[in-house]
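Hello,

Here is the structure I promised to pass on. My notes follow below it.

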Amino acid sequence: MSSRIWLPASRRLTRRGALALGLAAGATLGSRAARAQNQPKPPAKPTGQVVVGLSQEPTVFNPLMPHIEVDQGVHWNLFSPLWGVDASGNFVPQLATEVPTVANGGISADGQSWRVKLRNDVKWHDGTPFTAEDVKFTIDLINNPHFRSASRNGHSLVTDLTVVSPTEVTWRMQKPFAPYSSILSWTFIVPQHILAKASDPNTAPFNNAPVGTGPFKWSERMPGDHITLVANPDFFGTGPYLERLVFRYVPDLTVMFTQFQTGAIDHTGLQGITADHYQQATKVAGRKVEVGPAAFVESITMNLSRPQFQDQAVREALYYGMDKKGIIDAIYYGLPSETETFLPRQSWAYNPDLPKHVHDPAKAKQMLDAAGWTAGSDGIRAKNGVRLAFTNSTTAGNHVREQAQQLLQQDWREIGVDMQIKDMPAAVIWGDYFNLSQYDSVMVGQDKMTGPDPDVTAYYDSNAIPAKGGAGTNTMEYVNPKVDALLLAGATTVDRAKRAPIYRDLAAIIRTDLPTLPIFQYVTIEGHKDTLFGYQPSVYVASNCWNIAQWYWAS
Amino acid sequence: MSAYLLRRLGQSLILLLIVSVIAFGVLHLAPGGPLAQFALTPGMTQADLARIAHQMGLDRPLPLQYWEWFHRMLDGDWGRSYRDNQPVLAVIGGHLPATLELMVSSTLIAVLIGTWVGVLGALRRYSVFDYLATVGAMVALSIPTFWFGLVVIYAFSVRLPWLPAGGMYTIGEGSFLDYLHHLIAPALVLALVTVAIWSRYMRSSMLEVIGQDYVRTARAKGMPERVVVLHHALRNALLPMIAIAGLQLPTLLGGALVTETVFTWPGMGRLFLDSIGYRDYPVLMGVLMVTALLVLIGNLGADLLYAVYDPRIRLD
């Protein structure tokens, strides 16, 4: 018994159809609570098997080493962090008994002294009890200069890490860093009794036979094909309700869709169902397609060191000249939602009151004329010898993005701007070309949050420009001292209620400056068999496989 | 003979060295790197990426990196995959059985059917069968494997639930019958192209042999047609096929990328493509060296077999 997104029979997705779809998607998400009451109950014992299809292969099983989103999906099932985050952004204690805050004394008023109390009933998959030593070991390992850890952001500020008792650990932060609670919600604890014995943690056998405290235990892996996990009967939380969890690597999205149709896979994980298959997917019998929010935002990111982009009028005119709705409706079938900012709508720091984009080519032309950009004989504007021409790059082979680029090229030609498309393979464009600001502009989808935290210092701070020697991802070379100040305030204010207004102000300033032209917030379109319950998309995690401990088959 | 072998061995080693230098250079000098996959991963900062690049030794001068790879390889350590940190030889070895299964079965089917079609086509030249076989071969060569594979899946997995939609076996099961059930579609799709090629080669080789004097003599002696064809003609017609088979050896282990993608078969072709996408240099070097080795072994083996099979050939 489950609701479905019904669509009218006409195949061409009209504006009304898109609106209906949006409403239906919203209704589905909103009525989740109501639906939960009509849902069948989970079984008493773990039963059955779920096969999750993934279009990229998970290959990293030590959660502290560099990994991508599909790897995190596996980590959520094998390991546990001190506290997790639910779909509304609230922290939920896991290995810790409560989430430390200033209110409950877990964090001192100045934000620097932390005390975390841990559960005493957790066992590793091999039966050894979990203790505070594992927490200390994990953070020490991350900071170990010989260990190839994914990120030391936040962890590098930890000093005086002390094991007070097997169920309590304390430390001091070198300076208050509000995003650390969020970073810890994505930091999985690894077993000291296994990894401490390895001569080199980078190549320890543990990395391919992981032992965690999560709802599922490692069973086997066939490289290039699948990974099998089995239920952990001693899991400390609720669930799991499945006996076996299989992650199957299906390299092509069309093939994955076919396997979804035939039922060879029970759930399509990342990258999900493509927008052009969405209609077809909803008509497959016995399946349910879920359109949920994602944290990624698609935008045109401009390199502000280029003379054309240094003029505010140019950036605003480009934004007016962009037909956002056209891109979303025609190319993405109306599924993602328009956005004016870099945070997902579901974030607690989101600013809903930003000025809304208007597609007004006349206004764009007017602005450019007023700013002194006059059209040359070829129709392209120029000012002081600088032509309003630039390249736009994205991942080659992404045919949907290529279509969006062509639409933009047309729109902007109309207002006298010459945009050339220069796409390249992923391994090339997202290397030095992007990181060292070698581009003119890129069309990119980014999740700028720090894990589940709205801290975007790495993207907007003037010290975070890699091309100028900074350590960050401010590849657009954006510099605004007001923004720097707000970012610092946001990162050092520990109280969430006080942080939210800071990020709303930040969003307003950035919306005015327009260093990037935000287009839409992504949706994930994932499908599963309609007798499988428990799926819950969340913008606060990198993979919607985060809560498979709650998934079950209806009996 | 042994002088010949020694000389070939020496040549092979020098060739392998040159291949390794060129491969290493091209891979590392091509734009992009193994850290590009993390550039947009939430949670990782530029500082982290720079540190990881240093820890992986990617910022050292290229000749130094090559020398390190080279002398480790001589010790038997082919390095570890950048992705799952498994030893490269284990990674290649892990994907090899799947590829061998697929390629051997499809080649076997292709050779058997192709030989039969080619021989019959030559014997009954310009007949209806020959004409159909020629047209059929052209069609089979022109059909894109990706499209044909999807058509087969659509027909036999989606519409008619006769065959599975992909994978090597049903997870949870693993019986031999289950393996065969999964092998049928990809092996046949892959065999399609090889049948066409093989039958064309076989036909022209057979035609050339049938025109020879000794075949006419055998027929004049009153030998049964079956003996003439199988014992005299076919034996000689197969000679050039040995050389072709030798060239096929690296393909045998290189896998068939498109078929593996469509049928989610975890083979070497897929491994190679994924490794290129992620710039997994150690695995790529491993696969390239293994392929080079196979090309050289295949050629040497074909030459030796030729000499054994055909007494007219002298190796020196």
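The expected span of a helix is 1.5 Å times one less than its number of residues. Helices here are DSSP runs (H or I, at least four residues), numbered from the N terminus. This is a predicted model: local features need pLDDT of at least 70, side-chain atom pairs count only at pLDDT 80 or more, and totals for chains, interfaces and linings use all residues. Residues are numbered from 1 along each chain as its sequence is written, while chains are lettered from A and ligands numbered from 1 in the order written.

Start with α16 of chain A, residues 496–513. At 1.5 Å a residue, its 18 residues should span 26 Å, and the end C-alpha atoms are 26 Å apart, which agrees. A:R499, A:I502, A:Y503, A:L506, A:A507 and A:I510 are buried (20 or more other C-beta atoms within 10 Å of a residue's own; exposed means 12 or fewer; C-beta atoms are placed from the backbone). These residues cover an arc of only 145 degrees around the axis, so they sit on the same side of α16(A). The arc is taken from the directions from the helix axis to the C-beta atoms. The face turned away from that side carries exposed A:A497, A:K498 and A:T512. The buried residues pack against α14 (457–460) and α15 (481–492) of chain A. A:L514 follows α16(A), with a positive phi near 50 degrees.

Now the two chains. In all, 45 residues of chain B are in contact with 54 residues of chain A (C-beta atoms, placed from the backbone, within 7 Å). α2(B) gives the most to chain B's side, with five residues.

Best wishes

Technical notes. Contact = placed C-beta atoms within 7 Å. Helix = DSSP H or I, 4+ residues; strand = E, 2+ residues; numbered from the N terminus.
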